[in-house]
Amino acid sequence: MNPSTKIVRINVNARRTTSIDDLPTDILSSEILVRLLAKCIGVYRTVSKQWLSLLSSKNFILRHCRHISTSYKQMFFSVALFQSSVFPVTFDPSDYLPKTLIPLPTNTYWYDVRVLTSFDGLVCLSFRGTQKMILWNPLTHATKFVSSTLSRGRFKQKTDAVGLYVSPSNEYMILHAKRRNGSMKLYKYSSRCDSWRKMGFVDERKYHNYKMSWSNGTFFQGVVYFIVKVDAAGMGSYLFGFHVDSDELKSKPKPATTNHDGDGSLVVVRNQLHMFVANSLPNWSLHLWRMDGENWTKIWVRQNILPPSLFGRTITYVVSTGKFLVVSRSGTVFEIDTTKNGIECYHPVFSESSIQGAVYTETLMSPDF
């Protein structure tokens with residue numbers, strides 16, 4: 001061996017340290033960063049220019065929103081006496097609910113605000129005095145007025161209904177059903193284009209009847225569903241679906257209930273559409289139906305109980321508890337627990353007077369997306 005030759009020994013058991021910078025950007029974004037809480041994203045944007053660009057992109061915000069909206073991180077936004085606040089969804093009355101007070105948009109007073117609906121972290125509000133509607137993100141405080149000078153986007157409490165949805169091109173939209181001048185009309189608002197457009201509506205005058213009440217819309221798999229109840233004994237209710245790909249409103253089959261005067265409310269549970277139906281006399285009962293294709297299957301029922309009124313209420317499935325939060329327009333908030341029997345299956349949750357609210361998930365979604 002040449003004396004000048006150096007012997008190099010390689011330790012085959014040595015482990016190479018891998019840092020997060022070694023991960024491909026698509027893996028980092030889709031598998032790790034997408035799991036962060038929305039309120040933490042701002043901190044991670046300061047790590048580097050690359051992360052700032054990645055975490056601020058529309059593609060990441062949409063992907064993060066889709067992931068977080070199916071997780072356990074649901075919150076409750078409420079407007080009560082003299083304050084608005086956000087707190088985690090919890091149902092143990094012995095627990096203290098840690099609230100985060102947040103200012104309402106446009107420095108308005110709490111009693112002038114009406115909470116209409118929520119979707120993907122955006123909350124749709126209207127103002128009682130002007131009837132104007134806005135889209136608002138309670139986490140980022142981003143706000144967008146959607147009312148136009150042509151009276152589009154003005155909400156009347158007893159005659160109108162709204163639904164939030166996302167189009168096939170990932171554009172956030174508002175569907176507004178409004179009764180004016182003897183007919184029922186449909187309009188849709190594009191947040192990206194900041195404009196309203198009238199939709200075709202079959203039998204506009206038939207569904208203008210002031211004895212008919214429309215629920216707010218529930219978006220599920222490309223369709224915005226509305227329950228239309230006729231406020232007359234024995235007349236029952238209808239179920240309509242607005243197909244967002246074709247802009248068509250179609251009649252849909254509803255559960256085969258024996259009581260035509262039953263109240264109903266829609267809710268999405270584990271990516272399936274359900275409907276709670278509360279029947280009145282002669283057989284008080286509360287039912288839960290699941291939509292299977294074009295049919296409905298009854299999956300739960302409680303007989304001989306005085307059920308709560310459900311029509312016009314917003315019902316949200318709480319992923320972390322497996323229970324349902326019901327929020328009414330008049331301020332009643334209670335829980336439905338399908339694991340319990342009798343009157344114990346539903347009970348009040350919040351006792352604050354004049355409360356309004358909605359269950360939503362904190363996201364970075366912008367009203368201009």
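This is a predicted model: local features need pLDDT of at least 70, side-chain atom pairs count only at pLDDT 80 or more; totals for chains, interfaces and linings use all residues.
1. The largest nonpolar core holds 50 residues, and Tyr172, Trp214 and Phe242 have the most contacts inside it. As background, nonpolar side chains in soluble globular proteins tend to be buried together.

2. Helix α3 (49-56) deserves a look. Its buried residues are Trp51, Leu54 and Leu55. Viewed down the axis of α3, these buried residues fall within an arc of 90 degrees, so they line one face of the helix. In general, an α-helix has 3.6 residues a turn, so residues three or four places apart point the same way. On the other side of α3, Lys49 and Ser53 are exposed. The cover over the buried residues of α3 includes α1 (25-32), α2 and α4 (58-68).

3. Val43, Tyr44 and Val47 make a nonpolar surface patch of about 270 Å². Of these residues, Val47 sits in the loop between α2 (38-44) and α3.

4. Now to the charged pairs: the whole structure contains nine salt bridges. One of them joins Asp120 to Arg66, with 2.8 Å between the closest N and O atoms. Asp120 is in the loop between β4 (113-119) and β5 (122-127) and Arg66 is in helix α4, so this pair ties together parts that are 54 residues apart in sequence. Asp120 is buried at 11% relative accessible area, whereas Arg66 is partly exposed at 31%.

5. Another salt bridge pairs Asp247 with Lys188, the closest N and O atoms lying 3.0 Å apart. This pair links distant parts of the chain, 59 residues apart: Asp247 is in the loop between β15 (237-243) and β16 (248-252), and Lys188 is in strand β10 (residues 183-190). Lys188 counts as buried, with 12% relative accessibility. Both residues also belong to a network of salt bridges that links Lys188, Arg197 and Asp247.

6. Finally, Asp337 forms a salt bridge with Lys323, where the closest N and O atoms are 3.9 Å apart; the cut-off for a salt bridge is 4 Å. Here the loop between β23 (333-336) and β24 (346-348) supplies Asp337, and strand β22 (residues 323-327) supplies Lys323, 14 residues apart. Asp337 is buried, with a relative accessible area of 2%, while Lys323 is partly exposed at 21%.

Methods:
Residues are numbered from 1 along each chain as its sequence is written. Side-chain values use heavy atoms; hydrogens and water are left out. A nonpolar core is a set of buried Ala, Val, Leu, Ile, Met, Phe, Trp, Tyr and Cys residues joined through side-chain atoms within 4.5 Å. Buried means under 20% relative accessible area, exposed over 50%, partly exposed in between (1.4 Å probe, protein chains only). Patches are made of residues with over 30% relative accessible area and no salt bridge: like charges are joined within 9 Å, nonpolar side chains (Val, Leu, Ile, Met, Phe, Trp, Tyr) within 5 Å. Accessible areas come from the Shrake-Rupley method with a 1.4 Å probe; for residues, only the protein chains shown count as cover. A salt bridge is a side-chain nitrogen of Lys or Arg within 4 Å of a carboxyl oxygen of Asp or Glu. Helices (H or I, at least four residues) and strands (E, at least two) are DSSP runs, numbered from the N terminus. The arc is that of the directions from the helix axis to the C-beta atoms. Contact means heavy atoms within 4.5 Å.
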